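Biologist: I would like to go through this structure and ask what stands behind each label. Please set the value against the cut-off each time.

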Amino acid sequence: MKVLGVDPGLTRCGVGVVDGVAGRPLTMVGVGVVRTPSDADIAHRLVLIERGIDEWLDEHRPEYVAVERVFSQHNVRTVMGTAQASAVAMLCAARRGLPVALHTPSEVKAAVTGSGRADKAQVGAMVTRLLRLSAPPKPADAADALALAICHIWRAPAVNRLQQAQAQARTAPRRTPPPARSAGTPRAAGASRTPAPVRSTTRIPKGTS
């Protein structure tokens, strides 16, 4: 399984490709950062991010794309730019028909370090160890992108099983109740019969009016 991890950002968009399967040693295929000038307008910066991610997709041909799920922060301007870069990454993947997975920062930290509250230094150190690198990737955005790819490779089997179970539940035929028996329909053998109501009659003696 080859996964492209994307740590979205307007100024630095981390990208990293990891190949392998859960339970076996992983291999780093490539790592880097797509940069945009901070003084350019947002529309132009998004175009540069799109071109950069397209180049990575064309070069490495990943099977999956893992993107960090954006959460609101105190700096609304920063989170808006991150969300826009995230949308560009998802667009690039969807245009090629590649499945996209979103992972929260705490999910990635827990998967890589065992703690959802690990800092960037701990994430970088574990990425270096897991991928058998000589030094942590720089900047931290690049290490975070590799961590996203690692997280998806390790979580993919469980996620796939859950998705398959949900798909089977949606496509399974539903049991419909038997139709109500209309009047005049013969009863099945052994079915209980409802006793007919008793008719009450009054006999009038002859010769009385």
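Biologist: Why is arginine 155 called partly exposed?

Modeller: In this predicted model, arginine 155 has a relative accessible area of 32%. Buried means under 20% and exposed means over 50%, so 32% falls in between and arginine 155 is partly exposed.

Biologist: What makes the contact of glutamate 107 and arginine 155 a salt bridge?

Modeller: The N to O distance between their side chains is 3.9 Å. The cut-off is a side-chain nitrogen of Lys or Arg within 4 Å of a carboxyl oxygen of Asp or Glu, so the pair qualifies. Glutamate 107 belongs to helix H3 (residues 105-113) and arginine 155 to helix H5, 48 residues apart, so distant parts of the chain are linked. Glutamate 107 is partly exposed because its relative accessibility is 26%.

Biologist: How many salt bridges does this rule give?

Modeller: The count comes to seven salt bridges. One of them joins the side chains of aspartate 141 and arginine 12, at 2.9 Å from N to O.

Biologist: What ties helix H2 to helix H1?

Modeller: The side chains of arginine 95 and glutamate 50 meet in a salt bridge of 2.8 Å, N to O. Arginine 95 lies in helix H2 (residues 76-95) and glutamate 50 in helix H1 (residues 42-60), so the bridge ties together parts 45 residues apart in sequence. Arginine 95 is partly exposed at 47% relative accessibility, and glutamate 50 is partly exposed with a relative accessible area of 21%. Both values lie between 20% and 50%, so both residues get that label.

Biologist: Why is aspartate 144 called buried?

Modeller: Its relative accessible area is 11%. Buried means under 20%, so aspartate 144 is buried. Aspartate 144 lies in helix H5 (residues 140-171). Apart from neighbours within four places in sequence, aspartate 144 is in contact with Asp7, Lys120 and Val123.

Biologist: What makes strand S3 and strand S5 edge strands?

Modeller: The open sheet has five strands in the order S3-S2-S1-S4-S5, with mixed pairing. Strand S3 (27-35) and strand S5 (100-103) each have a single partner strand, so one side of each has no neighbour in the sheet. On average, neighbouring strands of this sheet are turned by 20° against each other, direction ignored.

Biologist: How do you know that S1 and S4 pair?

Modeller: Strand S1 (residues 2-7) and strand S4 (residues 64-68) run parallel and are joined by four bridges. Pairing needs at least two bridges, so S1 and S4 count as paired. Valine 6 has valine 67 in S4 as its bridge partner, and valine 3 has tyrosine 64. Four bridges also join S4 to S5, again in parallel. Among the partners there, glutamate 68 has histidine 103 in S5, and valine 65 stands opposite valine 100.

Biologist: What makes S4 mostly covered?

Modeller: Four of the five residues of S4 are buried.

Biologist: Which side chains of S5 point to which face?

Modeller: Ala101 and His103 point to one face and are buried.

Biologist: Which residues touch the most other members of the largest nonpolar core?

Modeller: Leu4, Val6, Ile49, Ile53, Leu57 and Val65 do, out of 20 residues in that core. S1, S2, H1, S4 and H2 each supply at least two residues. A second, separate core has 17 residues, including Val123, Val127, Leu146 and Ile150. In soluble globular proteins, nonpolar side chains tend to be buried together.

Key:
Residues numbered from 1 in each chain as written. Predicted model: local features only at pLDDT ≥ 70, side-chain atom pairs only at ≥ 80, totals over all residues. Heavy atoms only, no water. Buried < 20%, exposed > 50% of the residue type's maximum accessible area, 1.4 Å probe, protein only. Contact = heavy atoms within 4.5 Å. Axes fitted to C-alpha atoms, helices over the stretch in contact; angles between N-to-C directions. Core = buried A, V, L, I, M, F, W, Y, C linked by side-chain atoms within 4.5 Å.
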